[in-house]
Amino acid sequence: MECSVRHARNAYIIMLVLVVVGAFSFLPGANEMLGRSAASHAGSWMGAILLLLSTIAGLMTILWLRRDARRMTTEINEIIRTGKFAPLRAGTSDWARLCGALNGMIETADQRVADAGLGAKSLEIELKVANAERQHAEAIIYSISDAVLVTDPFDEVVLANESAARTFSFDLAKASRSPIEKVLSDVKMIELIREMRQSNSKGGRRIIEHMVKTDAGEKTFKVTLSNVADQGENPAGVVAVLHDMTKEKEVAEMKNDFVSNVSHELRTPLASIKAYVEMLIDGEAEDEKTEREFYDIIQNEANRLGRLIDNILNISRIESGLVKVNKQPQSLVMIVKEAIDVIAPQAKLKHIKMSEQLVPAIYQTMADKDMLYQAVLNLLSNAVKYTPENGTISVQTVLDEGRKKVITSISDSGVGIPPKDLPFVFDKFYRVEANNRMAKGTGLGLSLVKHIVETVHRGRIFVESNVGKGTTFGFELDLVE
């Protein structure tokens, strides 16, 4: 623009000189200054010519400047329109210098734009890599069944999975970048995360056992806390992983209870056998009748010990899947009749009346005869044990042709089971305290029946009871089509 201004200034000076000279020739005092009329006449024509030339020069200068300005404007507008720098075309020497300077600026700007573009592409690639790594990490965390919480140096939740959301009952979508105290209601867990973050330990971790109140009840978790380090190896947050140990603790407790109960159940008959054997050795059985009573007690306790061991082995085999099951089409009615015939003498000793309501024997079910017979016999034996003298026991089989099921129920008029004990009667070694005095038992019979019906035969077992009025145990199996 400096060269254009210079050209315009020179043109205006020339035009101004020509105009002044031409105008001067027309002034009234000009002829007097020249001193003669001929000179005046010649001056008038000269002034007119100079004025015309100056006018023409001015117009040409204006047109020239307008042409260069229009060309420059067009090229600049093209740059603005396309967003791309292109070298400008040079004209006169001044215009060439201006264009050279502008072209230098354009090249520098173009290079900087190119460098900025490369930098932007590099940042874009790095961002894509970072996003991919984040998505990969999130996919891993989301696939973990344990609850995972990740916090930053300001104790805000950075990442969490669905298991953590279920455990602590928070909205996963709203948890990100929220303070930990607004996400978790568990005060102890918040304290553990903050203490771990404040410890500033880079490589260490802390493992503790923590009880959490969830929607499904109280659960025990093994909480593993670790500090996360940034690129400068400075603590940048905390990772908390919660492993549900509830079932593991329950299994461990069940194992301990099992060993304890088995030891107790084995010790009782063994102690009786040992005591009566010692009395026989010491000659305390003075007559044949007393000696016979001792032998009967020893035999009964030995049989009880044998049943206990058999039940434990059978349950263990069924649970481990090692038991050999021989399923064939069987008449359930015939199996029930055989069990009734075996238990009838015991019922007769207590003057218990037994009644039968059985469907025809033509209906069959796929069953292992020996195992199903053992299940029915155990239910009948329990009914006789817990029914007082002169009571009643009713055995019934019912067909449900719509569901293709056969249902067997054994009802007694015994002491019944309290409502608080009903959910646990099929647990191993569980004995109803209120009925312990009625009869001795191992607490494994009903557990074995449940395994035979549900695990082996894929059926369903049920129980209904009213204290003082009696109990009904039953099961249903599929009919053979």
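**Helix α12**

Guide: Helix α12 covers residues 369–385. It has 17 residues and reaches 24 Å from its first C-alpha to its last, close to the 24 Å expected at 1.5 Å a residue. The expected span is 1.5 Å times one less than the number of residues. Helices (H or I, at least four residues) and strands (E, at least two) are DSSP runs, numbered from the N terminus.

The model is predicted: local features need pLDDT of at least 70, side-chain atom pairs count only at pLDDT 80 or more, and totals for chains, interfaces and linings use all residues. Residues are numbered from 1 along each chain as its sequence is written, and side-chain values use heavy atoms, with hydrogens and water left out.

Look at the start of α12. There, a side-chain oxygen of D368 comes within 3.3 Å of the backbone nitrogen of D370.

Now the burial. An α-helix has 3.6 residues a turn, so residues three or four places apart point the same way.

Step back to the chain. Its secondary structure comes to 13 helices and 12 strands. Of its 481 residues, 34% are buried. Take contacts (heavy atoms within 4.5 Å) between residues at least 6 apart in sequence: 58% join residues at least 24 apart. The accessible surface (Shrake-Rupley method, 1.4 Å probe) is about 29800 Å². Carbon and sulfur atoms account for 57% of that surface.

Definitions and conventions
A polar contact is a pair of N or O atoms within 3.5 Å; within protein, one must be able to donate a hydrogen and the other to accept it, and residues adjacent in sequence count only if both atoms are side-chain atoms. Buried means under 20% relative accessible area, exposed over 50%, partly exposed in between (1.4 Å probe, protein chains only).
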